[in-house]
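Me: I've got a model open and a handful of things I'd like to ask about it. Can we go through them one at a time?

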Number of protein chains: 2
Amino acid sequence: MPPLSTDDINPTFHTVQYAVRGELAIKAEALRDELKRPDHGLPFDKVISSNIGNPQQKGLDQPPITFTRQVAALMEWPELATLAPGVFPEDVVERVRELREEIGSIGAYSHSQGVPFIRKSVAKFIEARDGYPADPDHIFLTGGASAGVSLLISMLISSPTSGILIPIPQYPLYTATLAQHKGHAIPYHLDETRSWSTPVASIEEAIVDAKKDGIVPKGLVVINPGNPTGALLDEETQEEIVKLCEKNNIVLLADEVYQDNLHLRNTHPFTSFKKIVSARKSTVPLVSFHSISKGVSGECGRRGGYFELTNFSPELIALLYKMVSVNLCPPLSGQIGVDTMVRPPAPGSASHPQWKKETETVHSALASRTSIMASRLNALPGVSVVASPGALYLYPRIHLSYAAIKAAEEAGKAPDAFYALALLDQTGICVVPGSGFGQKEGEWHYRLTCLCPGVDEYVGKLEKFHLDWVKKYGMAEKQ
Amino acid sequence: MPPLSTDDINPTFHTVQYAVRGELAIKAEALRDELKRPDHGLPFDKVISSNIGNPQQKGLDQPPITFTRQVAALMEWPELATLAPGVFPEDVVERVRELREEIGSIGAYSHSQGVPFIRKSVAKFIEARDGYPADPDHIFLTGGASAGVSLLISMLISSPTSGILIPIPQYPLYTATLAQHKGHAIPYHLDETRSWSTPVASIEEAIVDAKKDGIVPKGLVVINPGNPTGALLDEETQEEIVKLCEKNNIVLLADEVYQDNLHLRNTHPFTSFKKIVSARKSTVPLVSFHSISKGVSGECGRRGGYFELTNFSPELIALLYKMVSVNLCPPLSGQIGVDTMVRPPAPGSASHPQWKKETETVHSALASRTSIMASRLNALPGVSVVASPGALYLYPRIHLSYAAIKAAEEAGKAPDAFYALALLDQTGICVVPGSGFGQKEGEWHYRLTCLCPGVDEYVGKLEKFHLDWVKKYGMAEKQ
């Protein structure tokens, strides 16, 4: 009998692409294994995974927020409160008592939509942030934001002509999920020359073009702050986007997982789309996503997040509930993580001073690294990068010479992938080529995270690599 | 603008059904809320969720395995080892040291396929169980078995004519997942008159019938021990099943999550399909699923499990890896849970005596409850139940009178749902009607878990309810 052939499976398994963990990341893993051999002969002694926003990974080692971990540890083994008296701060003990009263054991399945008590805490967090009411029954806790995005996109793909508007550059979860559910990605371009702003006219054009091709735009993805761009929307643009959704009967999918990652001093604050929609009393169906993987908590491994539905009918919410119930419930460790994110230690509580110190350290380290990296990358010949105020990334544009492009062609690689592979081979730094996020024809970028602790040594490697590259392939001709 | 209509969404959101958390479970939640009111006027003082195998839930409160939770707590907050010296047994401290060396922080994303070190432990567990080699690269850690089942079923649905063979009765995850991915469920019937055995001839018939209808059987689901039936396959039947897959070029999906839940003394041991396939040197592609949610650990809330691929090409494994990478990684708390399940404390270690006592208690409590429940239910007029050796459930058949069936029709309910709703209303016990799992035309069943601690009081309620029912609707006429 022949084994199962790759032709005999769901065709979406071939069309899905996810560059963040693609060719470069797989090669980085292999190099990491190679480094374990004493005679490896590689020109570096460690691999730095700048391909993924994973602050607590080995080598980056951003410390977790102590309060979060104390609550988690005590939830795992509540007897510790008596076995190790005085080790846990009072407010941690109290938080765990409260959570256990609601949840019981974290080894039990919870409500499929997430623990009701934690959803209430999320609702209060949203109310305090926006000044408008939030309903715990309209909130779904999820195993990271990705799980929610996948669910909502699958809901909106109602027919083979359904499409979702996606920013370019985008986080490739969106195109991957659309490929999985056989929906069309309808690209609209962000404007690099205006600090990666979102030109609403470009969304309108994309809608018109899609309709010409017989594609029906069902949803609009906005990532704010942007990934990979780090751009932060202003309220005026947000209003225009909501109006556009109203006019075109489009569901707004607001990826707001970086809402707590703002690191430039003179930036306006983050405004949620929930606030804009509420203030306008708009009827636009809105889904807003949040996560514990980013922000200051960086708790990627717990798999925790939530989405809030606005202007969704009870029937739709019931259908979503049914769909999530098939997978029983999001991981309790992630749900507990959401609770500590939306309800950090209050001022005056035992844990507050340490929490404050830890979060400030994370914020300021990210701010300083981002600023140093942006200015030094910008100083390189043939590199330009927008120093955006948000998220965890930079998305430098690299201007490549014809010689470099030709060499890439000969190697059978896209020019930016060719650049990124050379960077990995020579420095051990793993980034993601711009082709994974999308870019204009003939432009080349890469995304790297701003998480590496030894920023000076790290940027030094990037600089040396790039200067050697320019020496080898020459400067880009005028374009 | 009109809000998003329920007609304007993915049609699979309407076709998916998942009775385990369906109408009955939703009503049970509502009743639980009602009980909080002092003047509730309900004829019971607690709701007992026998609809779902969730051993640690409130009210059932099966205690977790201490070793598992100690490891988890120390992984969350490693400083505890020095802050609370002597509180953690030596082998726990050593296990955490070992895991942390491999993983680093559990707040980081891991390898998308699961921590390589934990996959190695799983491979050793499989080798020790079966006596045949297992490859860590062919093992995927997952967020519970459900996540893996969903992934593999979506892989096999290659066209609108693809189908998967499903036992009837089945665990409704299978039909729900098939509905989600627009695949056909091809039912084959288990034989209740022969203790829910699996007649291979009935699978063959189902294949022939499917092909007549233009459906291509791509996979065969076998649940062993069975859910909801609890039946345990013998090796002869397993061999026949493998031969049938060979002959028909079908992928075997072995749901083996209850492999550690065997509670009748004179039963033969569990044999994995991996062992049968390996012994035969068969080329049948096999996926076998396991989970930390069942067995003695009952750690449902952690969301941990794995699947092992046998006879899958490296290309297929790479495609599966790409698909799971879009969702980044399974929750670390679940991965750690898999590690402690497949590597329990060794004899002679500090934690072994307690671990042994705790697991034996869980096993014997389940055995005694299952036996008491089966014999008392069998003593009721119009009830018959197979006292199966495995899993956590009983699946009694209820013989209903015409009067009862007519009353159900008038209420617009299936007769078994009507029975289950009455049971919930009168006793607070929530079970799942047989229609959620599948049954022969004109037969009625329900599934209930054998997890309730106060078995005497619990079965007493079931008995009283049933006898009142018979008084009201009469005995079933001869069928």
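Me: Leaving out residues up to four places away in sequence, which residues does B:Pro172 touch?
Reply: This is a predicted model, where local features need pLDDT of at least 70, side-chain atom pairs count only at pLDDT 80 or more, and totals for chains, interfaces and linings use all residues. Residues are numbered from 1 along each chain as its sequence is written, chains are lettered from A and ligands numbered from 1 in the order in which they are written, and side-chain values use heavy atoms, with hydrogens and water left out. Contact here means heavy atoms within 4.5 Å. On that rule, B:Pro172 touches B:Gln17, B:Tyr18, B:Ala19, B:Val20, B:Gly436 and B:Phe437.

Me: Where along chain B is B:Pro172 found, and is it buried or exposed?
Reply: B:Pro172 is in the loop between strand S3 (162-168) and helix H8 (173-180) of chain B; helices (H or I, at least four residues) and strands (E, at least two) are DSSP runs, numbered from the N terminus. Buried means under 20% relative accessible area, exposed over 50%, and partly exposed in between (1.4 Å probe, protein chains only). With a relative accessible area of 1%, B:Pro172 is buried.

Me: What separates the C-alpha atoms of B:Pro172 and B:Val20?
Reply: Along the chain these two are 152 residues apart. B:Val20 is also among the residues that B:Pro172 touches. Their C-alpha atoms are separated by 7.6 Å.

Me: Why is S3(B) described as largely enclosed by the rest of the structure?
Reply: Both faces of S3(B) are covered: B:Ser162, B:Ile164, B:Ile166 and B:Ile168 are buried on one side, and B:Gly163, B:Leu165 and B:Pro167 on the other. S3(B) counts as largely enclosed because of how many of its residues are buried: seven of the seven.

Me: Which residue in S4(B) is the bridge partner of B:Leu165?
Reply: Two strands pair if DSSP finds at least two bridges between them. S3(B) pairs in the parallel sense with strand S5 (residues 216-223) of chain B over four bridges, and in S5(B) the partner of B:Ile164 is B:Gly219. S3(B) also runs parallel to strand S4 (residues 184-189) of chain B, over six bridges. There, the partner of B:Leu165 is B:Ile186.

Me: Which side chain makes a polar contact with the side chain of B:Ser121?
Reply: B:Ser121 sits in helix H6 (residues 116-130) of chain B and is buried at a relative accessible area of 6%. A polar contact is a pair of N or O atoms within 3.5 Å; within protein, one must be able to donate a hydrogen and the other to accept it, and residues adjacent in sequence count only if both atoms are side-chain atoms. At 3.4 Å, the partner is B:Asp339.

Me: How are the two copies related?
Reply: Superposing by least squares on the C-alpha atoms of residues with pLDDT of at least 70 in both, chain B can be laid on chain A with an RMSD of 0.0 Å, by a turn of 180° and a shift of 0.0 Å along the axis. The two copies are therefore related as by a two-fold rotation axis.

Me: How many salt bridges does the rule find across the interface of chain B and chain A?
Reply: The contact takes 96 residues from chain B and 96 residues from chain A. A salt bridge is a side-chain nitrogen of Lys or Arg within 4 Å of a carboxyl oxygen of Asp or Glu, and one between these chains joins B:Lys218 and A:Asp8 (3.6 Å, N to O). Across the interface, the count is six.

Me: Which residues are linked with A:Arg302 in a network of salt bridges?
Reply: A:Arg302 and B:Glu76 meet in a salt bridge (2.8 Å, N to O). That pair crosses between chains, from the loop between strand S7 (286-291) and strand S8 (305-310) of chain A to helix H3 (residues 66-76) of chain B. A:Arg302 is buried at 3% relative accessibility, and B:Glu76 is buried with a relative accessible area of 3%. Linked with A:Arg302 in the network are A:Arg69, A:Glu299 and B:Glu76.
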